[in-house]
Amino acid sequence: MKILVCISHVPDTTSKINFTDDKKSFVTQGIQYIINPSDEIALARALELTEKDGGTVTVINVGDNSTEATIRKALAIGATDAVRVNAAPRDAFFVAKQIAEYAGKNSFDMILCGRESIDYNGSQVPSMVAEMLSLPAVNSVKSLNVEGSTATLDREIEGGKEVVTCPLPCVVSATEGMAEPRIPNMRGIMSARTKPLTVIEPVTAENMQQIVSYDKPQPRTQVKLIDAANVAALVDALHNEAKVI
Amino acid sequence: MAKDRFQAPDYYLIDELLTDEHKLIRDSAREWVKREVSPIIEDACQKAEFPKHLIKGLAEVGAFGPYIPTEYGGGGLDQISYGLIMQELERGDSGIRSTASVQSSLVMYPIYTYGTEEQRKKYLPKLATGQWMGCFGLTEPDHGSNPGGMVTNIKDKGSHYLLNGAKMWISNAPFADIAVVWAKDEEGTIRGLIVERGMKGFTTPETHGKWSLRASATGELVFDNVEVPKENLLPNVKGLKGPLGCLNSARYGIAWGALGAAMDCYDSALRYSKERKQFGRPIGGFQLQQKKLAEMLTEITKGQLLVWRLGKLKNENRATPAQISMAKRNNVYTALWCAREARQIHGGMGITGEYPIMRHMMNLESVITYEGTHDIHLLITGMDITGENAFGG
């Protein structure tokens with residue numbers, strides 16, 4: 001099986017997020033980058049599938065050369081080879097277009113993505129890629145198995161679980177539970193030095209979104225506890241302090 | 001123990017001095033420690049049991065012979081990579097780092113550096129995967145800081161050497177498959193030999209009742225007329241410089257490792273100081289707690305720069321034994337001092353197994369003594385700068 005895994009290069013969850021004074025961009029100094037966690041789950045499952053039945057795992061990332069350490073980590077974890085589309089990602093449509101362009105020319109049995117990236121949380125790329133390639137897309141998948149040319153997938157839905165099947169090739173976005181992310185071992189890190197990392201230039205894509213400004217969430221305010229029996233005090237606080245009623 | 005929420009301090013952006021591969025190696029070891037060591041280490045220490053199941057994982061993260069060439073099963077990595085792995089392991093526990101230090105610097109290093117090609121091929125690949133574990137016999141009951149006074153000896157019996165004597169305070173001894181042993185020949189010259197478990201007259205009784213390095217197995221090596229084949233002699237070194245070469249490599253790793261323990265203490269204390277409230281505010285807002293935290297971070301940062309530079313020198317084969325002594329002495333002391341300060345910040349909670357502080361502190365009482373005591377390293381620096389030997393004798 002030939003699997004393409006899409007990986008995003010995102011700030012570590014423990015990074016302190018700051019924006020420039022004009023609110024136009026994100027301050028990258030001192031930020032540690034990681035493979036997007038749900039992409040790491042997708043990569044782990046892709047490796048499990050190919051280790052069991054044979055095949056290759058290619059990782060693809062849309063980013064400038066600052067993402068190469070993240071791509072090398074994916075190779076160290078076990079990917080066969082990697083492709084970097086040499087462009088700073090502008091929006092989900094741009095990223096999806098680059099992935100679809102590459103995938104369309106290289107016929108994969110499956111395209112695996114993470115459910116969402118933890119920086120912009122768009123959850124758009126997998127479905128867009130599928131649409132561009134006219135493939136079925138199944139999102140937020142907790143379990144993925146392949147039998148012949150059919151994938152069986154479990155999805156978590158409100159109040160239960162949905163089991164779906166779909167023919168290969170397909171696009172699947174992974175969420176927690178599909179596989180345990182892997183830690184690179186020393187042999188993997190050493191072999192990643194020589195695994196192929198191909199850099200390709202982007203295709204043109206329409207700019208569909210523009211970031212106007214960035215703001216941090218409001219700091220959490222103090223919680224005021226009011227005795228459940230004292231409804232009058234609650235109403236008074238909502239009316240005179242919070243001014244919501 | 002509570003969930004491992006460790007975040008490494010990097011006040012001087014020292015990460016920028018590392019390569020992407022260094023960071024990948026370090027982060028992988030860090031992740032492995034969080035996943036495999038932190039959840040079990042407190043229990044292992046309380047029970048005084050070496051968690052043997054970690055050996056395979058230690059080998060996989062590159063803890064066994066990372067700088068030994070790949071043709072012998074090592075990692076072929078540089079000295080900074082070795083240091084970073086030791087830092088992360090000791091961030092988990094000094095005992096786990098000790099097991100890795102012994103395997104790498106005190107067993108694989110001498111076999112690689114002083115051994116024959118046959119010895120390298122026979123032992124190193126199995127030691128790198130953890131299939132075989134090793135230990136190092138230098139210290140004796142009556143000869144610690146003065147190893148040159150050792151009484152363990154070998155006699156040439158023609159077809160073999162006859163080994164007699166005893167070694168003490170030997171990490172990994174109770175389960176080791178092989179031991180690199182230093183003994184005097186008939187001329188009084190110190191020679192190295194590889195002794196294998198199963199050789200008649202060789203026993204390894206375990207040392208019980210330790211209050212330190214409880215998750216690491218320590219024991220004695222007892223040699224009662226052990227017949228060691230001649231091909232087990234390490235032919236390429238004679239004299240005290242053999243074991244001291246090994247100790248240089250191990251001490252270098254300890255200088256990095258101790259910083260890991262210091263970082264863990266600092267990180268835990270910083271988090272605790274923000275969460276623990278007294279007098280209506282987090283204790284981190286009080287000047288006396290800030291003094292402790294600020295001084296801890298200052299010392300850790302100085303230690304980080306020290307080992308980074310030492311690593312660069314070691315990569316170029318320019319690090320002197322005296323420079324290594326300075327780093328080992330400084331960083332272990334820093335770690336022990338940080339543990340004591342952190343213990344105070346944690347208040348009563350600092351003595352419980354909920355936090356790693358007391359475990360680190362007790363472990364570091366060994367680390368400040370083994371591989372050259374705090375005092376001996378001072379005298380090494382003193383001799384290096386004055387030219388005067390103050391060791392006595």
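## Helix α1 of chain A

Helices here are DSSP runs of at least four residues, numbered from the N terminus. In this predicted model, α1 of chain A is followed by A:G54, a residue whose phi is positive, near 85 degrees.

The helix itself covers residues 37–53 of chain A, which makes 17 residues. Most of α1(A) is covered, with 12 of its 17 residues buried. Among them are A:I41, A:L43, A:L47 and A:L49, and also the charged residues A:D39, A:E40 and A:R45.

The size of an interface is often given as the accessible area lost when the parts come together. Between chain B and chain A the buried area is about 1600 Å², and carbon and sulfur atoms give 59% of it. In chain B, the residues that lose the most area to chain A are B:E21, B:L24 and B:R35, which together make up 31% of what that side buries. Counted by residues, 23 from chain B are in contact with 17 from chain A.

The rule finds two salt bridges across this interface. One of the residues named above, B:R35, meets A:E180 in a salt bridge between their side chains, at 3.8 Å from N to O. On the side of chain B that touches chain A, helix α1 (residues 20–47) of chain B gives the most, with 10 residues. By class, that side of chain B has seven nonpolar, eight polar and eight charged residues.

## Two loop residues of chain B

B:T152 sits in the loop between β1 (134–137) and β2 (153–156) of chain B. The relative accessibility of B:T152 is 0%, and the cut-off for buried is under 20%, so B:T152 counts as buried. A polar atom of the B:T152 side chain lies 3.3 Å from the backbone nitrogen of B:A166. Leaving out residues up to four places away in sequence, B:T152 touches several others, including B:E140, B:L163, B:W182 and B:F223.

B:Y355 belongs to another loop, between α8 (321–345) and α9 (357–367) of chain B. Apart from its neighbours within four places in sequence, B:Y355 is in contact with B:S268, B:Y272, B:H346 and B:M349. The C-alpha atom of B:Y355 is separated by 24 Å from that of B:T218, a residue 137 residues apart from B:Y355 along the chain.

Terms used: Residues are numbered from 1 along each chain as its sequence is written. Chains are lettered from A and ligands numbered from 1 in the order in which they are written. This is a predicted model: local features need pLDDT of at least 70, side-chain atom pairs count only at pLDDT 80 or more; totals for chains, interfaces and linings use all residues. Side-chain values use heavy atoms; hydrogens and water are left out. Contact means heavy atoms within 4.5 Å. Buried area is the accessible area (1.4 Å probe) that two parts lose on being put together, summed over both. A salt bridge is a side-chain nitrogen of Lys or Arg within 4 Å of a carboxyl oxygen of Asp or Glu. The expected span of a helix is 1.5 Å times one less than its number of residues. Buried means under 20% relative accessible area, exposed over 50%, partly exposed in between (1.4 Å probe, protein chains only). A polar contact is a pair of N or O atoms within 3.5 Å; within protein, one must be able to donate a hydrogen and the other to accept it, and residues adjacent in sequence count only if both atoms are side-chain atoms.
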